[in-house]
Each structure stands twice: as structure tokens, then as C-alpha cells.
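Me: I have a structure open and would like to understand the terms used for it. Could you go through them with me?

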Amino acid sequence: MKHAGSADLPLHYGYVPKWLAERMAKLGLAITESILAEYGQVAFLSRMSSPFWFQSLGAVMGMDWHSSGITTSVMGALKRAVNPNAKELGIFICGGKGKFSLETPDELLKIADQTGLDGEHLVRCSKLSAKVDNTALQDGFQLYTHNFIVSSKGDWTVIQQGMNAGNKKARRYHWHSGQISSFIEEPHAAVCGHNQGLILNLTAKEAGDTRHGMLQLMKEKPEQMIREIQHLIMPDNHALEAKDVDLKRLGAVLWLANEHPLHDFEELLLLKGVGPRTIQSLTLVSEVIHGTPSRFKDPARFAFAHGGKDGHPFPVPIKVYDETIATLQTAIHKAKLGNQDKQDAIKSLHKLAAIAEKDFVPNDRFEALIEKEQNDSWKYGGRTVFGKAKPPEKAKGYQLRLF
């Protein structure tokens, strides 16, 4: 069995302020609901198993774009928001940081009682994934957070993180049950539970190769295995630099939001009343929900949706963040009532940006863009862990263009 991927991150200490934690939970739930409604449980778990997509999700939620804190903060926000709606969504999030990671087995067994899944073997998968990353790899990282995300049909993803205090790095590991099919001869072994549809059953005779494959992984050489998986390495620099971002893609988003008349796109008329700055954020959120895997090679780009709590690339624009959440929540609510128009309009944003970037040529005004965002931050209720953004002492004229 292979990891779905891993990520190396600078080890950061600190906290998530309440004003951001509450918004992260609301936005995280809206994104989760949108993905589940449009693509289903398997697609959601597959996205969560990608280190690049997960980093993009953390950035679009206003966390520090590159730090280790994304893992615990995003998973904590999702657990708080998703689990109260787990029965409706069919997604359950177990575990967490420190002592909460030790509660994973009990949580899985409770979920198994509710759903008819094989709890003992979900627990076994959880323990094996932790054992492999904490012991078998011997890569110097000691696990301190473990999250097991399971669907009502038995598919699962593990997201866990280890710390290396010596080099001040954190390493996040991603596992996905979908990878099991890569090392057994037959498809996933499954049985039909009472009114539960297909469920994963790792105790079945047909699943012998699966159990064998999970144990065999513990014997593989770490350096050989790591070469075969997605691996994301985030830089140490706090400030966001042009080299960290695909300027062609970012520039297309800014052009769509700020330079092109909204009346030229019928899809955007359905978002009438939403300002250009929120269109910028919604476009990046739309890509997190609907984008293909190749779109997440530069997770830092998604920090241009809602900034970062440490002020990089700019303070979190609270007013924009709230408008983004409200727009998504309204779209989800209307879609449940049978009106897909607003949901489709949000979905179209990432498509329009992709079309725009085909012939897009960015210029070298990246630093000017960040300076403008920082200076305008106070207009949007900009905020960091250090306090609220204030107007710049001297007003300057800026161009938003990246082309």
C-alpha cells in the first residue's frame, strides 16, 4: 500500500483566534457540502488525500499559507462543523491533535455502531497508518496529530502530522483507501450491510491481499516509497514571493474579478451584488471545490482569497470572508430546494478563470499587488493575530493589473 502523499512544512507555533476559527468552520462546511453535493463522498475523500489540494484548502480558509498549523487548524475546523451534520453528509471525522488522536478508536467504533461498518478493521487501518508513519519510516518525525475521515460507505482518508524538533519541520502524511486497489488483484472487497449500501469489509476472505499489503508496506524502504508518492515541500519564508505562485493563473483570477465587466458573463449576473473583491475570493474557492488536481501545484496562490492570520500575504479581510461564506451558504440552501442557478454560477467561476488564463501574460507587478492588498486591507475589515488593519499613513495610487 502507498501513501496518497506527504508534505513538508515549517514548524510554527501559535494559535488560531476565535474570529478566524469560527469562519474557518463555516467556510469549511460550505466547501464540504458543495463537493459532496456535486461530486460525492469518494471525490471529497480523494481531495482530502492530496497534500496539494489540502494545502490549498488551508490557504483559502485564511491560515498561514505554508505553515504546519494548517493541518491541525483545518482538521479541527472541519471536525467541529462536519460532525454535527455527519448523518446528513455521510462523512465522519475522528481524532485530532495530541490526546484527541488517542480517541480515534473509540470514535470509529461508535460510528460503526451507527452505520453498520466494520469498526474493528477501521480501527486497524487507523492504527496501521499511524504505526507506519511513526515507526516504519523512521524519518525523524514523531506523530502528534492523527485524523481519520470515513464515509458512511466505508471509504476513508487519514491525515496525520509528525514533528521534527531538531530541524523545526513538520511532515504531514496522507492516506486514502482508494489506493488499496493498486496492490490487490481484485477490486475493493465489500459486503451489503442492512440499508447501508456497499461498505468496506477488510475482514472478508477476499480482502486477504489488502491486509497483507498493508503489513508489507512496513517492510519497504522509506526512500523507495517516498519517491512514489506526491510530495509537497513548503518554503521557510513567511512573506509570499512571486516564485511561490503561478502568476499566470493568479493574474487571470484578478483580471476576471477586477478588470472585466460583469455584464459580459451571463453566469456572473447571477452573483449580482457581490463586489469584485469577493468575486476574487469566490473564484479561488470555486477552484478548490471544482478544480482538477493539476490546478493545485501552487497552493500559495489560494492565500489571495482571504489572506493569512499572520498578515502574509495580507491581513484576513473579514468583510470579504463573511460575504464569501454567505454566498456559498445561500447557493447550497437554494440548491437543496431545487434552484441550482447560484450554485452553477459559482461553479462557472473557475472555468472562466481557466479560459482567461490561456492567452494571459502576467507582468512583474507582484510586489505592488501585495502592497495594494495590504494597504486596502482596512477597507475590508482586515485582521491578523496582532490586531486590526489600519489605513496607510500616505495614500498611494496602485494598479491591480498583473498583465
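This is a predicted model: local features need pLDDT of at least 70, side-chain atom pairs count only at pLDDT 80 or more; totals for chains, interfaces and linings use all residues.

Me: Why are helix 3 and helix 12 called roughly antiparallel?

Reply: Look at the angle: helix 3 (residues 51-60) and helix 12 (residues 276-290) pack at about 150°, with their axes 10 Å apart. Angles over 145 degrees count as roughly antiparallel, and therefore helix 3 and helix 12 are described that way. Their crossing is left-handed.

Me: What makes strand 9 and strand 11 edge strands?

Reply: The open sheet has 3 strands in the order 9-10-11, with antiparallel pairing. Strand 9 and strand 11 (387-388) each pair on one side only, and that makes them the edge strands.

Me: How do you know that strand 10 and strand 11 pair?

Reply: Count the bridges: pairing takes at least two, and 2 bridges join strand 10 (residues 382-384) to strand 11. The two strands run antiparallel. For a pair to look at, Thr384 has Gly387 in strand 11 as its bridge partner.

Me: One last item: where is Pro313 found?

Reply: Pro313 is in the loop between helix 13 (303-306) and strand 9 (316-317). The peptide bond that joins His312 and Pro313 is cis, with omega about 5°.

Key:
Residues are numbered from 1 along each chain as its sequence is written. Side-chain values use heavy atoms; hydrogens and water are left out. Axes are lines fitted to C-alpha atoms, for helices over the stretch in contact, and angles run from 0 to 180 degrees between N-to-C directions. Helices (H or I, at least four residues) and strands (E, at least two) are DSSP runs, numbered from the N terminus. Angles under 35 degrees count as roughly parallel, over 145 as roughly antiparallel, 65 to 115 as roughly perpendicular and the rest as oblique. A crossing is left-handed if the near helix is turned anticlockwise from the far one by less than a right angle, and right-handed if clockwise.
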